[in-house]
Amino acid sequence: MYSTELGQLAGQPFAKGHATGNDFVLIADPEADVDLTAEQVAALCHRRFGIGGDGLIRAVPTSKVPGYEQQVAQNPEAYWFMDYRNGDGSIAEMCGNGVRAFAHFLIAEGLVDLPVGQSIHIGSRAGIKMITRLVEGYAVNLGPWGLIFEDQAEADSIDSMVKPRGWEQALPALSITMGNPHTVVALPDIDMLDSLELFAEPEVAPKPENGTNVEFVVPNEPLIEEDGVAQVTMRVHERGVGETLSCGTGACAAAAAVRYWARGTALINQWAVSVPGGLVGVEFRANDAGGEDTILSGPAELVARGMIGAK
């Protein structure tokens, strides 16, 4: 399988990493020599015949990524580009958990020096992102969030309907962009959340142009704890993957949606999002442009290294 489907990748070093259970195959390509195909990515991410992962991340110089060279011209610090692919081989704009795993990989490979408290910029298909190393984990500024179907959302606070597999009734939802598309559904209790079958893609109407990740979220009761942090629990079906244990941009979208729905009562800036793979933090922070940025924080680690196709 490796020799026929992975071709030139045979012998390529890789690492396996995850961030709250969202797992990735990571490869360093400092000379931009690796020309990945969708079939190769899908083969590597296959959980039976490959290494296994929700996606693949290639570290490549931003200056050598066609169509994105201008990012390093705008910000010379954005030397490295996070080339992210979904597990089925399709290209994705951004992955919030993947950014943290990417930063951890760059440090482990000796490609960057990032002491605790310091930040780096990276290139991505969703623009330049800033990553800060924490004592335990990483925080990434994902930039502003937005409404995908703005007019409908502002009029009705919802803009689409979502029907999970096996359900007769579609549920109201709100579509959020975090640089990549999300559709968020609020559920009343954990039992309903636990009962969802998310291996199959939920039906979404209308669906964002390039497809969407679908988050199902249950606000805690009470929503805001004594420390002022809002608590929600989430599951997600990721576009091009299926259900994953975590989705960083999805956690941000879920917090943004619940915050949007609750905007008449309180403007909550600190959120804790519980996912099957752990806990991530989301902060909404005012920026110099008069808007607000979305900061995702959480752990990341590498769990294995190897050589593709090694016998």
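## The largest cavity

The largest cavity is lined by Y84, N86, A92, M94, C95, N180, H182, N213, E238, R239, C247 and T249. On a 1 Å grid over the protein atoms alone, a cavity is a set of points where a 1.4 Å probe fits but cannot get out, and lining residues have an atom within 4 Å of a point. The space in this largest cavity is about 70 Å³, and by this rule the count is one cavity of 30 Å³ or more. Grid points are joined across faces, edges and corners, and a volume is the space filled by probe spheres set on the points.

The lining comprises five nonpolar, five polar and two charged residues. Here Ala, Val, Leu, Ile, Met, Phe, Trp, Tyr, Cys and Pro count as nonpolar, Asp, Glu, Lys and Arg as charged, and the others, Gly among them, as polar.

## Basis of the report

The model is predicted: local features need pLDDT of at least 70, side-chain atom pairs count only at pLDDT 80 or more, and totals for chains, interfaces and linings use all residues. Residues are numbered from 1 along each chain as its sequence is written, and side-chain values use heavy atoms, with hydrogens and water left out.

## The annotated cysteines

An unreviewed UniProt entry lists C95 and C247 under "active site". They are spread over 153 residues of sequence, yet they cluster in space, with a largest C-alpha distance of 7.4 Å. Both C95 and C247 belong to the lining of the largest cavity. UniProt positions are given in the numbering used here, feature names are shortened, and annotations may be inferred rather than shown by experiment.

C95 lies in the loop between β4 (80-86) and α4 (96-108); helices (H or I, at least four residues) and strands (E, at least two) are DSSP runs, numbered from the N terminus. C95 counts as buried because its relative accessibility is 3%, where buried means under 20% relative accessible area (1.4 Å probe, protein chains only). Leaving aside residues up to four places away in sequence, C95 touches N22, F24, M82, Y84 and T249, contact meaning heavy atoms within 4.5 Å.

C247 is placed in the loop between β15 (242-244) and α7 (248-261). At 3% relative accessibility, C247 is also buried. Its contacts, not counting residues up to four places away in sequence, are N22, N97, H182, E215, M234, V236 and E238.

## Backbone features

The peptide bond from A205 to P206 is cis, with omega near -10 degrees. P206 lies in the loop between β12 (203-205) and β13 (213-224). T20, which is not a glycine, has a positive phi of about 50 degrees.

How values were computed:
1 Å grid on protein atoms, 1.4 Å probe; cavity = no way out; pocket = protein on both sides within 12 Å on 5 of 7 lines; lining within 4 Å. Buried < 20%, exposed > 50% of the residue type's maximum accessible area, 1.4 Å probe, protein only.
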